[in-house]
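Open the structure in a viewer and follow the stops below. Each stop gives a selection and then what is there.

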Amino acid sequence: MKLSNVKHLTGKVSIPGDKSISHRAIMFGSISNGLTEVSNFLEGADCLSTISCFQKMGVSIERDNDHVLIHGNGLHGLTAPQDILDVGNSGTTTRLISGILAGQSFTSHLNGDASIQTRPMKRIMTPLQMMQADIRSDKGNDCAPLTITGRPLHAIHYDSPVASAQVKSCVLLAGLYADGQTSVTEPILSRNHTELMLSAFGATVCSKGTTATIDPDPVLTGQKIEVPGDISSAAYFLVAGLIVPNSEIVIRNVGINPTRDGILRVALAMGGDITRLNERTVSGEPVCDLLVRSSSLHGTTVEGEIIPTLIDEIPAIAILAAYADGTTTIRDAAELKVKESDRIQTITENLLAMGADITPTDDGMIIRGGAPIHGATINSYKDHRIAMSFAVAALAADGETTIIDGDCVNISYPGFYDDLALLSR
């Protein structure tokens, strides 16, 4: 994919459905009774992997573009898959579905692409094994492929060492099949889509501080779910609108759940001109339109409790920092090392290639903004968030930028380049 400097960005863009919420809608609809109807479903490769896995376990799922009908089998109605459950590139699918599979009456085999086979699964294996689940890494390296033999589960209170919605959700989903109340306490609150949506389906979920508790064996009932636009996808347009001169864009239908809106807070702290319009609630999630105008930006510090609310947006924030005046320091983000790529390394390598002044650290990076940014050849390492972040960086850089494996954006945003082009006309 080749991109060049543009003079301005104008117009409106509608963001595809939230990836986290799309995954959960398929999973929770599949283990509910009756029909679940999902609109604005994200048609990215990761979410399609989730659909495929549940179809292999006997769930009837019909899809017409971004409209999905799930004919739920009920909490105990999944059937043994005849094939390996292929999770593709999706860490969310792998970790959340493991919690459901741990309580079934059959054995499942999970595997995915080369990237997923390097991502850490010990973080879910530990609490599941504490619940007496039979889950093992086939290669003995605490990564996929995984074999899960379902069995009765024991309720626990789990003190998670990481603030991870995937870990929390895995344990809560296993808790649906446990012999008592199951709870998870995190060091910092992670995104809460699981708690909100499971409650809407009929589960008894209680959240207090950084602890979430779920009662076992609920009767889950199918729901109508309108998926809000994904703030992680909106982030690239937000950054583009701020760094490309003479720009004014409206990003429509953006989910602004406070456990996910860290990038908005950081961009405002850096001097970004961002206005929330048409604030509303959609299927229990806060949503708005964002008016973004090009801005004179300055550095900031990103650390501590805000990190879980923007961990997926740090590549985009790094681009923002490279175009800002002064120094931006990102700390407490060691989790970046175990994403689709080691994002500390990939952000650093590619920003250096574009002329930025960046120093990696063990848990983040230091970016001294203001250096002239120029086009370069960018290695995405097949990481969709790296590809999209540097596509945006290219719009304000001198010269042409080439993104290797730029089609990896299909994992979360198949129409990304088309939407970007529409705004630059």
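Start by selecting residues 45-55, helix α2, where Asp46, Cys47, Ser49, Thr50, Ile51, Cys53 and Phe54 are buried. Buried means under 20% relative accessible area with a 1.4 Å probe, protein chains only; helices (H or I, at least four residues) and strands (E, at least two) are DSSP runs, numbered from the N terminus. This is a predicted model: local features need pLDDT of at least 70, side-chain atom pairs count only at pLDDT 80 or more, and totals for chains, interfaces and linings use all residues. Residues are numbered from 1 along each chain as its sequence is written, and side-chain values use heavy atoms, with hydrogens and water left out.

Now move to Ser380, in the loop between β22 (377-379) and α11 (384-395). Ser380 counts as buried because its relative accessibility is 0%. Show contacts (heavy atoms within 4.5 Å): leaving aside residues up to four places away in sequence, Ser380 touches Ile386, Ala387, Ile403, Ile404, Asp405 and Cys408. For the polar atoms of the Ser380 side chain, draw two distances: one is 3.0 Å, to the backbone nitrogen of Lys382, and the other is 3.3 Å, to the backbone oxygen of Asp405.

Last, select Asp18, Ile21, His193, Pro228, Gly229, Asp230, Ile231, Gly255, Ile256, Asn257, Arg260 and Glu285, the lining of the largest cavity. On a 1 Å grid over the protein atoms alone, a cavity is a set of points where a 1.4 Å probe fits but cannot get out, and lining residues have an atom within 4 Å of a point. The volume of the largest cavity is about 50 Å³, counted as the space filled by probe spheres set on the points.

How values were computed:
Buried means under 20% relative accessible area, exposed over 50%, partly exposed in between (1.4 Å probe, protein chains only). On a 1 Å grid over the protein atoms alone, a cavity is a set of points where a 1.4 Å probe fits but cannot get out, and a pocket is an open set with protein on both sides within 12 Å along at least five of seven lines; lining residues have an atom within 4 Å of a point. A polar contact is a pair of N or O atoms within 3.5 Å; within protein, one must be able to donate a hydrogen and the other to accept it, and residues adjacent in sequence count only if both atoms are side-chain atoms.
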